[in-house]
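Dear colleague,

I am handing over the structure we spoke about, with the sequence alongside. Please look through the model first, and then read my notes below.

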Amino acid sequence: MLEFVLMVIIIISAILALIQKDLLKAAILTGFSGGALAVLFQILLAPDVALTQAIVCAVIIPVFIALAVQKTQREDN
């Protein structure tokens, strides 16, 4: 039952990340989806995959997206 709930959370957060107009909100939702997927892998007894998923998809990718958004914004003088 917990696996089903996590799958629903992953799907909903991924769809919400796709339809967001604000890129920072999309980055946060991407990290949320990756974190839920890491928890799902841990429940399915794959700790090495869960750790990799947590590091890459829940931390690194949202940080890179947020930094790219910040660096590409126009500065008003």
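How much accessible surface does the chain have, and what share of it belongs to carbon and sulfur atoms? Bearing in mind that this is a predicted model, the accessible surface comes to about 5,700 Å², and 73% of that area belongs to carbon and sulfur atoms. Of the 77 residues in the chain, 23% count as buried.

As for the overall fold, the secondary structure consists of three helices and zero strands, and the chain, read along its sequence, follows the pattern α-α-α. The C-alpha atoms fill a box of roughly 55 × 25 × 10 Å when this is taken along the principal axes. The radius of gyration of the chain is 14 Å, whereas a compact globule of 77 residues would have a value near 11 Å. Among the contacts with a separation of 6 or more, 52% are made by residues 24 or more positions apart.

Helix H2 covers residues 23–43 and helix H3 covers residues 47–71, and their axes come within 8 Å and cross at roughly 175 degrees. Because an angle over 145 degrees counts as roughly antiparallel, H2 is described as roughly antiparallel to H3. By class, the contact between H2 and H3 has 17 nonpolar residues, six polar residues and no charged residues. On the H2 side the residues that meet H3 include Leu23, Ala27, Gly31, Gly34, Leu37 and Phe41, while on the H3 side those that meet H2 include Val49, Ala54, Cys57, Ile61, Ile65 and Val69.

Gln53 has a relative accessible area of 13%, and since buried means under 20%, Gln53 is classed as buried. Leaving aside neighbours within four places in sequence, Gln53 is in contact with Gly34, Leu37, Ala38, Phe41 and Ala58. Gln42, by contrast, is partly exposed, with a relative accessible area of 43%, and with the neighbours within four places again left aside, Gln42 is in contact with Pro47 and Ala50. The C-alpha atoms of Gln42 and Gln53, which are eleven residues apart along the chain, are separated by 10.0 Å.

Leu45 lies in the loop between H2 and H3, and it has a positive phi of about 65 degrees although it is not a glycine. Most residues other than glycine have a negative phi. Is the side of the scale on which Leu45 falls buried or exposed? At 75% relative accessibility, Leu45 counts as exposed.

Ser13 is placed in helix H1, which covers residues 2–19, and at 3% relative accessibility Ser13 counts as buried.

Terms used
Residues are numbered from 1 along each chain as its sequence is written. This is a predicted model: local features need pLDDT of at least 70, side-chain atom pairs count only at pLDDT 80 or more; totals for chains, interfaces and linings use all residues. Side-chain values use heavy atoms; hydrogens and water are left out. Axes are lines fitted to C-alpha atoms, for helices over the stretch in contact, and angles run from 0 to 180 degrees between N-to-C directions. Helices (H or I, at least four residues) and strands (E, at least two) are DSSP runs, numbered from the N terminus. Angles under 35 degrees count as roughly parallel, over 145 as roughly antiparallel, 65 to 115 as roughly perpendicular and the rest as oblique. Contact means heavy atoms within 4.5 Å. Ala, Val, Leu, Ile, Met, Phe, Trp, Tyr, Cys and Pro count as nonpolar, Asp, Glu, Lys and Arg as charged, and the others, Gly among them, as polar. Buried means under 20% relative accessible area, exposed over 50%, partly exposed in between (1.4 Å probe, protein chains only). The radius of gyration is taken over C-alpha atoms; the globule rule is 2.2 Å times the number of residues to the power 0.38. Accessible areas come from the Shrake-Rupley method with a 1.4 Å probe; for residues, only the protein chains shown count as cover.
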